[in-house]
Amino acid sequence: MTDITLHPHRDFSVLHRHPWIFSGAIARIDGTPEPGVPVRVLSAEGEVLGIGAFSPSSQIRVRMWTFGDKQAVDEAFVRDRVARAVGGRAIFIAEDQTNAYRLVNAEADGVPGLIADRYGDWIVCQFTAAGAERWKREIVSALQAFSPCRGVYERSDVDVREHEGLPPLTGVLAGEPPPERIEIVEHSCRYLVDVRAGHKTGFYLDQRDSRETVKRYANGCDVLNAFSYTGGFGIAAVAAGAASVIHVDLSEPALELAKSNTALNTCHVDESSFIQGNVFEVLRKFRDEGRSFDLVVLDPPKFAESKGSLMKAARGYKDINLLGIKLLRPGGLLATFSCSGLMTPDLFHKVVSDAAVDAKRDIQVIKRLQQAEDHPEGLCFPEGLYLKGLLCRAW
Ligand code: SAH
């Protein structure tokens, strides 16, 4: 195994069990390891810090598999990591809440660069780092062993693979190809998921708990579901007895699926409840028309892609929240989210409170929200907490 030695004083993060080693921390590489192979990481003093996967083209040059000098990284190790992750999700099967949930959440589950999501009888995977890519065959076989399924499908069509020097890939990895739409159950709602072309691996599983929270408050409400994707929050609200729901999204295929999902859960589909458009413009138009709602959901895409764009993103979040707050009737609820990992919960809180100040409204936080429990955050890997939200009431 190739040894990689760090510069003096650059072992701090590894010693604190953070899994990423950036290229600037590396003093010496003894050899020319292949992409994704296990490499041994040493401090400047020669102490073995652990074993990681080598990514020659990425700024994140090594992703740690294991810390200390006790374990070997081989097929049995990778199998065990998958078993450990899948075993932790047994509660979803036991409690019968849903048949769609994340089986492996990358770094937080000790398998850097691997996302594996279960949708009914299929597993959909994303390999985003050279290490996970290298062990693909073993990972797929372990997933099939520990979470039996009809097929495993790959959705590695994500930009981050470019940093790893990996091409985009999609297709069947094992078993049967998935149908055009997989029907999933989430608590009392049913959703159709397009795992071949939908966002992420097909559905925003990370919002499951927040959809349940919104449900508790939605009875009798007129709801605005902004950035609706395939209907998620709005369909949950209807199931809870919402009086009306308007979905707004830019994506036509997402709205088509939102209509199908509405039909699947209720008898009546009102075409005018689905607006294809830019949320910023639609909300401004609603404001100018004097429209108002009891519950507004704001679940925008990632606005901050890099540290350099964080302040611009913060302005975007503030604008959208200001517009959302202005549309709330007195006592109305705002469920607002940010899935930008770079936006910390504190900064997000500040942005929403700045919007409240500009809107001249009294606002209370009823609940702090975050990604669902099948998307755990590594305790020593704060980057893993990317999705945060606030459920607020505005007077
Ligand atoms: N709340 C959804 C997930 C939303 S993902 C759920 O629970 O399933 C974000 C969505 O915002 C995507 O569907 C994307 O198409 C949409 N989007 C991105 N920018 C937009 C904009 N400016 N106006 C309207 N929709 C937008």
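The second largest pocket has a volume of about 320 Å³. The model is predicted: local features need pLDDT of at least 70 and side-chain atom pairs count only at pLDDT 80 or more, whereas totals for chains, interfaces and linings use all residues. Residues are numbered from 1 along each chain as its sequence is written, and side-chain values use heavy atoms, with hydrogens and water left out.

**Second largest pocket**

- A pocket is an open set of points on a 1 Å grid over the protein atoms alone, where a 1.4 Å probe fits, with protein on both sides within 12 Å along at least five of seven lines; lining residues have an atom within 4 Å of a point.
- Its volume is the space filled by probe spheres set on the points, which are joined across faces, edges and corners.
- The second largest pocket is lined by 18 residues, of which R17, F67, R84, E107 and G110 are the closest to its centre.
- Two or more lining residues come from each of β6 (60-67) and α2 (75-87), and β6 gives the largest share, four residues.
- Helices (H or I, at least four residues) and strands (E, at least two) are DSSP runs, numbered from the N terminus.
- The lining of the second largest pocket comprises nine nonpolar, four polar and five charged residues; Ala, Val, Leu, Ile, Met, Phe, Trp, Tyr, Cys and Pro count as nonpolar, Asp, Glu, Lys and Arg as charged, and the others, Gly among them, as polar.

- The whole structure holds 27 salt bridges, each a side-chain nitrogen of Lys or Arg within 4 Å of a carboxyl oxygen of Asp or Glu.
- R63 and E164 form a salt bridge at 2.8 Å, N to O; R63 is in strand β6 and E164 in the loop between α6 (160-163) and β11 (169-175), 101 residues apart.
- R63 is buried at 10% relative accessibility, as is E164 at 5%, where buried means under 20% relative accessible area, exposed over 50% and partly exposed in between (1.4 Å probe, protein chains only).
- R89 pairs with D109 in a salt bridge, their closest N and O atoms being 2.8 Å apart.
- Because R89 lies in the loop between α2 and α3 (90-95) and D109 in the loop between β7 (100-105) and β8 (114-119), the pair ties together parts 20 residues apart in sequence.
- R89 is buried, at 5%, and D109 is buried, at 10%.

- D358 in helix α12 (residues 345-359) and K318 in helix α11 (residues 310-326) tie together parts 40 residues apart in sequence, through a salt bridge with closest N and O atoms 2.7 Å apart.
- D358 is partly exposed, at 39%, and K318 is partly exposed, at 23%.
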